[in-house]
Amino acid sequence: MPNPTPKLFVTERLERRRVIKRRFVFFTTIFLLTSLAGWFMADLLWNSGTHPGRMSPIEWVVLVLFVVLFAHVATGFVHALFGFYVLNRGGDFCRIQRALPPEDPHAPLAPTAVVMPVCNEDSSRVFEGLRVIYRSLEETGKLGNFDFFILSDTSDPNKWIQEELAWVELCKQVGGFGRIFYRKRRQGINKKSGNVADFLRRWGSRYRYFAVLDADSIMTGRSLVRMVQLMERNPTVGILQSVPRLIRGETLFARLQQFANRLYSSVFLAGLNYWQQGEGNFWGHNAVIRTAQFMEHCSLPDLPGTEPFGGRILSHDFVEAALMVRAGYSVWLAYDLDGSFEEGPPSVIDSAKRDRRWCQGNLQHSWLLFARGLRGASRVHLLMGIMGYVASPLWLFFLLLSTIHVLDQDLSGTEHSVGEIIFERWGFYFELPQTLALFGLTLVMLFVPKVLGVLVQWREEGRRPVYGGRLRMVLSAVIETLLSSLLAPINMMFHAKFVVFTLLGQGVGWVTQRRDAEGNDWREAILTHWGQTAFGLIWGISTYIRLPSFFWWLSPVLAGLVLSIPLSIFLGSSKIGGLTRRWGLFLFPEESAPPYELRRLEKNLDECYRHMRPIEELRDDYGLLQAVLDPYINALHVSLQRQRRPAAATRAYFLGLRERLLKDGPKRLSAREKRALLLDPESMTWLHRELWRRPQTELAEWWQLGVRQYNVLTAQPVTALYR
Amino acid sequence: MSGFQPRTGTLDQWNAAYMRVEDYLRAHRIHNRLHQSRVIERVLECAAHRHEANPGLDPVMLAAEEMDRLMQTWFASQLGEGALSAERRAAQARVAMLLSDLPTRWPYTFLDQENTPSEARVAMEKSALQAGPDLAVSNMVPREIDLGTLPEAAGDTLERLERWPIIRLLLLWAVFAAVMAALFFKTR
């Protein structure tokens with residue numbers, strides 16, 4: 001007897017009552033856990049301290065902080081718990097993927113633009129990634145429904161020219177003219193959201209959907225087709241977000257992130273989908289969006305005041321999702337859809353740099369927490385985003401306050417840690433300090449989600465090992481847990497600093513990287529982490545001198561801080577990352593059995609990076625050299641610029657710049673001046689003609705060298721693309 | 001090149017002119033030595049004639065100008081005169097050459113008006129650059145967000161504070177002083 005057709009989920013028919021029930025159960029669990037821990041803590045503070053039987057103001061502050069922080073930790077735990085429950089039942093019926101049969105080649109599609117905003121990225125990675133997506137879509141036979149747009153805000157002249165050249169080369173190689181487009185903005189107003197908005201204003205109305213990708217995103221053709229089919233099937237879905245898996249990490253840090261992201265995320269995401277349902281979030285990329293509705297409802301206003309808190313909304317994605325939901329369209333998370341990838345930062349410091357940007361953006365969302373008309377779920381998403389960063393200074397404050405409190409007790413000669421639970425087992429009486437019970441509960445909240453992630457994968461790993469087999473998977477999870485415990489206080493210090501600096505309206509300075517052959521930079525690590533090390537040492541030594549027993553409670557936090565410099569170097573090492581891979585540690589499915597799109601990307605990028613680099617003297621301004629000297633690249637570049645007739649004063653300014661460029665060489669011009677010349681087609685045509693017309697004596701040595709060296713060793717100019 | 005005997009200018013000057021034309025052809029991906037030599041000879045002959053009439057001019061400059069003239073004529077013959085300026089036409093023709101891979105597929109064609117195969121011409125004519133589809137301009141008006149009473153009031157205060165940076169500084173000092181005072185009393 002043939003299998004009956006599985007019952008399909010229809011998002012429009014999702015009962016509000018069912019969603020409310022789920023949310024009630026979910027948030028009540030968080031509330032109960034927090035209440036339990038809060039009770040323990042209050043009892044502990046009540047019975048201890050300088051005034052047993054009542055609580056001092058400092059103890060009240062400690063209690064409030066503890067409750068807020070525990071609720072935050074418990075939220076993660078409950079996500080994992082409910083996700084585990086859902087996955088164990090064979091998956092949630094109320095998930096967007098159930099809206100279509102697993103394979104439905106005849107499901108309708110609609111015109112879709114795949115847009116990739118880029119800004120000073122590695123052109124090889126951007127265009128090879130695009131090639132992989134293009135080819136993958138071609139192989140589905142559905143390419144005709146998709147157009148591709150590289151939306152460039154690149155300001156680095158070298159990368160700008162590389163992009164133009166790589167675009168043409170890619171189009172030639174895949175036959176993509178008329179399907180792959182390149183647009184460079186003259187001014188990068190409003191960064192990424194402005195870039196996408198500019199695309200929408202120009203071409204948005206041509207497409208029913210657009211898929212936003214990041215410069216390092218990869219999506220397989222199957223996943224893109226499937227997402228558009230799902231959108232077509234569910235006309236009230238405004239945004240469909242996929243879950244990008246982290247890939248291509250080589251350093252130990254990146255491999256740890258990839259492994260953790262892949263192994264643990266399944267339970268968290270299933271839990272997230274359990275309560276959010278059609279009021280999900282948008283993560284800014286690897287998502288398909290209903291164009292007309294996005295244009296109508298999700299254009300963002302400025303916030304009151306100026307940056308850092310006001311002005312342009314930096315983390316636009318969360319707000320766009322909230323506005324889409326407010327407009328009556330749903331936002332779903334396709335958490336079980338394969339074929340969506342992105343890259344993560346390679347080191348602790350790179351990760352912190354990214355967090356610095358996100359922190360400011362998320363803190364801005366505090367404005368919107370009480371905005372009228374937003375749905376409750378959207379407010380929870382905004383709050384969770386804010387807490388992702390605000391929790392760090394609160395943790396730090398909590399730990400410092402606890403230290404002061406304990407030292408205070410010590411100075412006043414009060415006995416501390418009086419709360420005890422006595423229980424009997426097998427005829428023996430055990431005394432358990434109440435602090436230990438509380439500590440244990442917190443550890444459960446922190447580490448059980450990881451255990452659940454491993455358990456979900458356990459059975460599958462026995463059949464088809466993609467994490468290196470059960471033993472290696474568990475070993476990797478244990479090491480990952482230890483290393484992430486050491487990393488937690490470092491991130492706490494970084495985030496606390498970011499929050500404070502953002503509130504004070506200050507920028508954070510970063511050290512320029514000077515990596516050695518193995519990718520290590522001790523100077524950068526020392527200058528970035530010395531404050532954390534010093535803070536950890538002072539905190540640790542003073543606590544150890546005054547109260548050694550409390551020192552051991554603090555030791556996991558202190559260890560991370562004191563070891564931050566070597567840890568940063570150790571985690572950022574590609575060599576150690578490679579070693580762990582050879583030992584079969586931190587393996588994950590996309591690494592042990594990569595889809596062919598990722599294999600193809602690796603192969604092509606290997607070829608790209610093997611290209612001969614320009615000679616040292618010309619390297620810094622090679623893009624400008626090509627745009628002026630190479631007749632084809634000059635013509636291509638000029639053709640891509642808007643033709644205009646500048647005013648007389650502007651023409652005089654350009655004339656002076658052009659003369660300086662030819663006579664003195666590009667080193668004497670600022671980056672801004674070079675960009676100005678590159679934006680002026682008249683100047684570029686003039687420069688090309690004059691460079692080839694003038695005798696050597698009238699040209700800077702740099703240009704003479706460029707003319708003689710260009711294309712001497714290769715028949716074709718070096719491009720960012722694999723051939 | 002044995003027939004090239006300039007009557008004016010030094011050999012060094014003509015050597016420099018030769019190198020400049022050779023470099024320029026190489027920049028156009030014309031790597032075929034025979035074709036290179038033919039073109040260079042033609043260009044230098046024309047430049048040498050002009051130099052005889054005006055020996056004060058630099059042979060490099062004259063050769064570059066002759067090269068440019070030769071190219072303009074060839075571009076016009078391939079893509080038609082049209083209404084474009086010479087510079088725009090040159091840019092368009094070079095892009096067409098790049099897209100059609102002309103230097104690789106028809107290595108002897110460049111600047112050879114008589115012997116340009118029709119396929120090469122067709123390939124160039126068809127090769128047009130399209131950086132974006134036709135515009136379909138539409139509006140995207142920012143949606144109002146009613147922030148609620150409390151944030152609106154906070155926003156107004158913030159905007160007022162931004163106009164008076166001195167107040168902001170004083171507030172910062174006040175917070176710092178309050179923390180110091182709290183620590184002082186706590187440690188008594």
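Predicted model: local features only at pLDDT ≥ 70, side-chain atom pairs only at ≥ 80, totals over all residues.
How many aromatic pairs are there over all chains? The count comes to 35.

**Stop 1.** Select Phe210(A) and Phe294(A). Their ring centres are 5.4 Å apart and the planes meet at 75°, so the pair is edge-to-face; the cut-off for that label is over 60 degrees. Phe210(A) belongs to strand β4 (residues 209-212) and Phe294(A) to helix α8 (residues 291-297), so the pair ties together parts 84 residues apart in sequence. Both residues are buried.

**Stop 2.** Select Phe259(A) and Tyr467(A). With ring centres 6.1 Å apart and planes at 80°, this pair is edge-to-face. Phe259(A) is in helix α7, while Tyr467(A) is in the loop between α12 (434-463) and α13, 208 residues away. Phe259(A) is buried, with a relative accessible area of 0%, and Tyr467(A) is buried at 1%.

**Stop 3.** Show helices α7(A) (residues 252-276) and α13(A) (residues 470-503). They pack at about 115°, their axes 10 Å apart, and the crossing is left-handed. The contact residues comprise 11 nonpolar, 2 polar and 1 charged.

**Stop 4.** Select Lys497(A) and Phe501(A). The charged end of Lys497(A) sits over the Phe501(A) ring, 5.8 Å from its centre. Finish at Trp160(A), where Lys184(A) lies over the face, 4.6 Å from the ring centre.

Methods:
Residues numbered from 1 in each chain as written. Chains lettered and ligands numbered in written order. Heavy atoms only, no water. Axes fitted to C-alpha atoms, helices over the stretch in contact; angles between N-to-C directions. Helix = DSSP H or I, 4+ residues; strand = E, 2+ residues; numbered from the N terminus. Left-handed = near helix turned anticlockwise from the far one by under 90°. Nonpolar A, V, L, I, M, F, W, Y, C, P; charged D, E, K, R; others polar. Phe/Tyr/Trp six-rings, centres within 6.5 Å; stacked < 30°, edge-to-face > 60°. Buried < 20%, exposed > 50% of the residue type's maximum accessible area, 1.4 Å probe, protein only. Lys NZ or Arg CZ within 6 Å of the ring centre and 35° of its normal.
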